Amino acid sequence: MLDDETQPRREAPAQPEGSCADAPADQGQVIAADGEAAACAQQGGEEGPARYGWLRGIAEFLIAFVILIGVIQLVKMYVMEPFEIPSKSMVPTIVPDDMLYAEKLSLYGDKTPTVGQVYTFTKPNDDSGETLIKRVIAIGGQTIDLRDGDVYVDGVKLDEPYVHGQKTYAMNSPVGVTYPYTIPEGYFWVMGDNRNNSSDSRYFGPVPYENITAHAVFRYWPIFRVQETETVDLGGFELTVHPIKLNIGPLDYTA
């Protein structure tokens, strides 16, 4: 039987050079040199970003996306809002599928609309919240009259090139509109440019100023629009063409 001094000793496996072994268990063991300790600390610190970097990237993207959506919603609520036109009531000034930008900055403070301009508003005497787009013809305190297909405001016949010769006639109004009609203060009178295909103040009466939602100013789509067929005389030979018009740009309120 061997005594303690003659028993073989088991040596700890050698650590690879430059590896980061566990810290010594007791203070009697040799502490690594400063340079080696710093290298080990750096190696351990790089494991976090490598492991969680993609999670941080996703989180940053989601935060940026939420902020962007919030900014877009604020712009639509308080600055400018896009609209797509579904009906023919404003033809030919605005046609179905036209896409417009309508600004809201001019509505802060005094909401009195500008006569002759085109506005969006919620339909009066209606709980549906439907948004309409029409041209302002007169405002509170003015008197509107329809005579022989023409429109008169305060006794003066209006020049309306935007209706392209269409006549304007009264409608059977469920709110009892009769002519001449004096618009109450705080209200305005609207009509569509397509007078034969527009439900407007002739039907639902004047609109309160507070119903205005935006002022239509710019058409951004489609960029071009094919016009009605035209026939061109080429000296005894007639050519049928479809003129293409630039559609994008500020709304022309006088044409």
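In this predicted model, strand β6, residues 150-153, is joined to β7 by two bridges. The two strands run antiparallel. Tyr152 has Lys157 of β7 as its bridge partner. Tyr152 also takes part in a contact with a charged group: the charged end of Arg147 sits over its ring, 4.1 Å from the centre.

The β6-β7 pair belongs to an open sheet of four strands, with the order β7-β6-β5-β8. Pairing in this sheet is antiparallel. Its edges are formed by β7 (156-157) and β8 (181-182), each of which pairs on one side only. In general, strands of a sheet pair through backbone hydrogen bonds, in either a parallel or an antiparallel sense.

The loop between β7 and β8 contains Ser173. Ser173 has a relative accessible area of 17%. This residue therefore counts as buried, since the cut-off is under 20%. The Ser173 side chain has polar atoms placed close to two backbone groups. The backbone oxygen of Tyr203 lies 2.8 Å from a polar atom of this side chain. The backbone nitrogen of Val177 lies 3.4 Å from a polar atom of the Ser173 side chain. With neighbours within four places in sequence left aside, Ser173 is in contact with Arg202 and Tyr203. Seven aromatic pairs are counted in the model. One of them joins Tyr179 and Trp189 in an edge-to-face arrangement. Trp189 is buried, with a relative accessible area of 0%. Tyr179 is partly exposed, at 22%, because that value falls between the cut-offs of 20% and 50%.

Other aromatic residues group together. Phe121, Phe188, Phe204 and Tyr209 form one aromatic cluster. A further ring lies under a charge: the charged end of Arg135 sits over the ring of Tyr162, 3.7 Å from its centre.

Strand β11 (residues 212-221) pairs with β2 (residues 99-103) in the antiparallel sense, over five bridges. Within this pairing, Ala102 stands opposite Ala216. Strand β3, residues 118-122, is joined to β11 by three bridges, and these strands run antiparallel. Here Thr120 stands opposite Ala214. Two bridges join β11 to β16 (residues 249-250), again with an antiparallel run. Arg219 stands opposite Gly249 of β16.

Values for the whole protein complete the description. The protein has two helices and 16 strands. Of its 255 residues, 29% count as buried. The accessible surface comes to about 16,900 Å². Carbon and sulfur atoms account for 56% of that surface. Among contacts between residues at least 6 apart in sequence, 59% join residues at least 24 apart.

Definitions and conventions. Residues are numbered from 1 along each chain as its sequence is written. This is a predicted model: local features need pLDDT of at least 70, side-chain atom pairs count only at pLDDT 80 or more; totals for chains, interfaces and linings use all residues. Side-chain values use heavy atoms; hydrogens and water are left out. Two strands pair if DSSP finds at least two bridges between them. Buried means under 20% relative accessible area, exposed over 50%, partly exposed in between (1.4 Å probe, protein chains only). A polar contact is a pair of N or O atoms within 3.5 Å; within protein, one must be able to donate a hydrogen and the other to accept it, and residues adjacent in sequence count only if both atoms are side-chain atoms. Contact means heavy atoms within 4.5 Å. Accessible areas come from the Shrake-Rupley method with a 1.4 Å probe; for residues, only the protein chains shown count as cover. Rings of Phe, Tyr and Trp (its six-membered ring) pair if their centres lie within 6.5 Å; planes under 30 degrees apart count as stacked, over 60 as edge-to-face and the rest as tilted. A charge sits over a ring if NZ of Lys or CZ of Arg is within 6 Å of the ring centre and within 35 degrees of the ring normal.
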